[in-house]
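Trainee: Please take me through one part of this model closely. Then show me how the rest relates to it.

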Amino acid sequence: MLRTEHTGSGMDELDKLVQAVLSSPKYKNVCADAIRNIGWRELAKRRSWKEALKATKNKLHQVGGAYFGATIPYAQLLDGLRVAADAEGEDGFRRVCVRAMRHHSSTRERLGILDSFYAQVLADLSPIRTVLDIACGLNPLAIPWMPLDEDVQYYAYDMYTDMVGFLNEFFALAKVQGEAQARDVIHSPPMRRADLALILKSLPCIAQLDRSASVRLLEVLNVDHLLISFPLHSLGGREKGMLKNYEQRFWEWVAGRPWAVQRFEFATELAFLVRK
Ligand SMILES: C[S@@+](CC[C@H](N)C(=O)[O-])C[C@H]1O[C@@H](n2cnc3c(N)ncnc32)[C@H](O)[C@@H]1O
């Protein structure tokens, strides 16, 4: 329903732009749909194809690439998870999950509150049998900390194809019935019904790509509960009144909707649990 059609003579230019982005080492693992959906807007806005290419890469950096270094050592992390799953028990497995989560700044920032975050925020929701993790990054690695039903079905979505490949292997090792998919969650939000959707620290990224997309996403997800969070520090580490700004934006997004909201404030993250 939110899928965007790109037709007409601009098509060649757009195909060329998608190919050019995919040929750069930094963006070769971004799913083509996400590049296409950013690219067509930039082509419409910019004076030349070259400017549109540059702007598309900048956007991809702001919403994805800025959160991790040049590469995440997925094969090495999977080896560690395999060894831990075979021989090191639950604590050992969690230790490797923590090591993996350090590779993405969103999960790295959450490590200090991980023991209380999910336990506190999801305490009243059990049983949680289906979860959608929207723009997930490496957050599925935090499943061992989440109070989920033991037969939970966990669906995770991000725009990086290599990341979702890694997450699918992680699900098998963690013995979680999970599935990760690469997709643009703005234009192809998952329509699957679920108990809970996690939208952690990603609404500001989504709003950067399309200002009206955040509220559309909250509306369209077919879930009983939404857990929405915001960072309280920028990537550069400065405060900049983020709490006040994000809190205000959140209340604007949910205004006028008959949804019950609980608010939770942690040292590094502001969270809202919404019952739709
Ligand atoms: C700030 S990080 C949050 C990651 C994770 N939710 C967490 O809190 O640990 C934003 C994530 O959104 C993903 N992302 C941004 N725009 C997206 C889009 N249109 N479709 C799918 N994923 C997207 C990025 O790749 C990145 O992993």
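Mentor: Start with the length of helix 5, residues 89-101. Its 13 residues should span 18 Å at 1.5 Å a residue, and the end C-alpha atoms are 19 Å apart, which agrees. The expected span is 1.5 Å times one less than the number of residues. Helices (H or I, at least four residues) and strands (E, at least two) are DSSP runs, numbered from the N terminus.

Two ground rules. Residues are numbered from 1 along each chain as its sequence is written. The model is predicted, so local features need pLDDT of at least 70 and side-chain atom pairs count only at pLDDT 80 or more, while totals for chains, interfaces and linings use all residues.

Now look at which residues of helix 5 are covered. Val-96, Cys-97, Ala-100 and Met-101 are buried. Seen down the axis, the buried residues of helix 5 fall within an arc of 140°, so they line one face of the helix. The arc is taken from the directions from the helix axis to the C-beta atoms. Buried means 20 or more other C-beta atoms within 10 Å of a residue's own; exposed means 12 or fewer; partly exposed is in between, with C-beta atoms placed from the backbone. An α-helix has 3.6 residues a turn, so residues three or four places apart point the same way. The cover over the buried residues of helix 5 includes helix 4 (74-87) and helix 6 (105-110).

Next, the domains. The assignment, automatic or from a database, gives domain 1 (11-63) and domain 2 (104-275). Their C-alpha centres lie 26 Å apart. Ten residues of domain 1 are in contact with 13 residues of domain 2. Contact means C-beta atoms, placed from the backbone, within 7 Å. On the domain 1 side, helix 2 (32-45) and helix 3 (49-63) are the elements that give two or more residues. Helix 2 gives the most, with four residues. By class, that side has five nonpolar, three polar and two charged residues. Here Ala, Val, Leu, Ile, Met, Phe, Trp, Tyr, Cys and Pro count as nonpolar, Asp, Glu, Lys and Arg as charged, and the others, Gly among them, as polar.

Buried residues in helix 2 include Ile-35, Ile-38, Trp-40 and Leu-43.

Now the core. The largest nonpolar core has 76 residues. Such a core is a set of buried Ala, Val, Leu, Ile, Met, Phe, Trp, Tyr and Cys residues joined through C-beta atoms within 7 Å. Its largest share, six residues, comes from strand 4. The core draws at least three residues from each of domain 1 and domain 2. Leu-226 is among the residues with the most contacts inside this core. Beyond four places in sequence, the contacts of Leu-226 include Ala-197, Ile-199 and Val-274.

Finish with two contrasting sites. Pro-190 is in the loop between strand 3 (177-182) and strand 4 (194-200). It counts as buried, with 20 C-beta neighbours inside 10 Å. Residues up to four places away aside, Pro-190 touches Leu-132, Tyr-155 and Tyr-157. Asp-12 lies in helix 1 (residues 10-22). Asp-12 is exposed, with 9 other C-beta atoms within 10 Å.

Methods. Two residues are in contact if their C-beta atoms, placed from the backbone, lie within 7 Å.
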